[in-house]
Amino acid sequence: MHGRRLLLPAALLHLHLLLVPLSPVQARVTALIVFGDSTVDAGNNNDIPTAVRSNFPPYGRDFPFPPGRATGRFSNGRVATDFYSEALGLGRAFVPAYLDPDYGIGDMAIGVCFASAGSGLDVATSRVFRVIPLWKKLDMFREYKSRLADHLGAAEAHAVVAGAVYAVSIGTNDFIENYFALTTTRFLEFTLAEYTDYLVGLARGFLAELYGLGARKLGGELPGAEIRVAEVYGFFEDMVRDPGRHGFARADVGCCGTGTYEMGYACGAWAAAAPAGTGTCPDADSYVFWDAVHPTERASRLVADHLINTTFGRFV
């Protein structure tokens, strides 16, 4: 099988990694397979009983495929992994959600998203808002592999899985929704350092399972592994601290509503109640944040460009 390289940020608060082929010469990238939370969810929460959803206006107002569709992405348009797909030359500028009924297994042969907004590495985090836990995402991936084999044949499906880039963006909610919010007993069970170590262990286990399912290059305990650091926070923090340097006008508030607390249904309710044209800012490209938590499409594009042109650029 082709090798993979693993990229991780310096902080666990947001685990962000790519497992990619060694070089375009050694291995063709066959697909982009995404795991994570709302930073990369493409709509897997749309039809599950949770409040953590965004498949309604004004979300998606600038999404181009098709124009204006509220896909379930927590953005005015695309998220970072959509731009990874574009940069990897996969022939499509977005990654569909696995549970989106508008896409079949043929559509997902070059890219699929298993992310679920509100989820984390810790299963207790996913229970807070009844979203898809990490173990369930792995079950969905197993099902995907089976469906892909039925669609392409076993040999070609194996080649797709082996040659794919795996992107994982997860971890923030374990702290924000769970540990610091005191919504579960984790703050009583662990010190902050212990909880961080616990999450690292969960991340290791998740990567080991991915490895067993066909992904490669996951760490020193697995054959041929190589780990690289992908810095996300430094670049994004610079956008927030000095938005003008990156072409933004505002980083202190989001585009939706007052920009101070609205996200999900609150963002939708504000936009629906406001006079026409006043529920969101007129130009989302001038804002770092779309709602009170999530970046605009332009901010996501800049993050993706930064990672592709720096750390990820060594391998793709």
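Me: Is the link of Cys256 and Cys267 left-handed or right-handed?

Reply: This is a predicted model, in which local features need pLDDT of at least 70 and side-chain atom pairs count only at pLDDT 80 or more, while totals for chains, interfaces and linings use all residues. Residues are numbered from 1 along each chain as its sequence is written, and side-chain values use heavy atoms, with hydrogens and water left out. Cys256 and Cys267 form a disulfide (a pair of cysteine sulfur atoms within 2.5 Å). With 115° about the S-S bond, the link of Cys256 and Cys267 is right-handed.

Me: How many residues apart are Cys256 and Cys267?

Reply: Helices (H or I, at least four residues) and strands (E, at least two) are DSSP runs, numbered from the N terminus. Cys256 is in the loop between S7 and H9, and Cys267 is in helix H9. The pair links distant parts of the chain, and the two cysteines are apart by 11 residues.

Me: Which cysteine does Cys255 join in a disulfide?

Reply: Cys255 is in the loop between strand S7 (250-254) and helix H9 (265-273), and its partner is in the loop between H9 and strand S8 (287-289). The link has -105° about the S-S bond and is left-handed. The S to S distance is 2.0 Å, and the cysteine joined to Cys255 is Cys281.

Me: What pattern do the disulfides of the protein follow?

Reply: The count comes to two disulfides. With bonded cysteines counted along the chain, the pattern is 1-4, 2-3.

Me: Is Arg130 buried or exposed?

Reply: Arg130 is in the loop between helix H2 (123-128) and H3, and has a positive phi of about 55° although it is not a glycine. The scale is relative accessible area (1.4 Å probe, protein chains only): buried is under 20%, exposed over 50%, partly exposed in between. With a relative accessible area of 66%, Arg130 is exposed.

Me: What is omega for the peptide bond from Phe65 to Pro66?

Reply: Most residues other than glycine have a negative phi, and most peptide bonds are trans. Pro66 is in the loop between S3 and H1. The peptide bond from Phe65 to Pro66 is cis, with omega near -5°.

Me: How much space lies in the largest cavity?

Reply: On a 1 Å grid over the protein atoms alone, a cavity is a set of points where a 1.4 Å probe fits but cannot get out, and lining residues have an atom within 4 Å of a point. Grid points are joined across faces, edges and corners, and a volume is the space filled by probe spheres set on the points. Residues lining the largest cavity include Phe63, Arg69 and Tyr103. The space in the largest cavity is about 30 Å³.

How values were computed
On a 1 Å grid over the protein atoms alone, a cavity is a set of points where a 1.4 Å probe fits but cannot get out, and a pocket is an open set with protein on both sides within 12 Å along at least five of seven lines; lining residues have an atom within 4 Å of a point.
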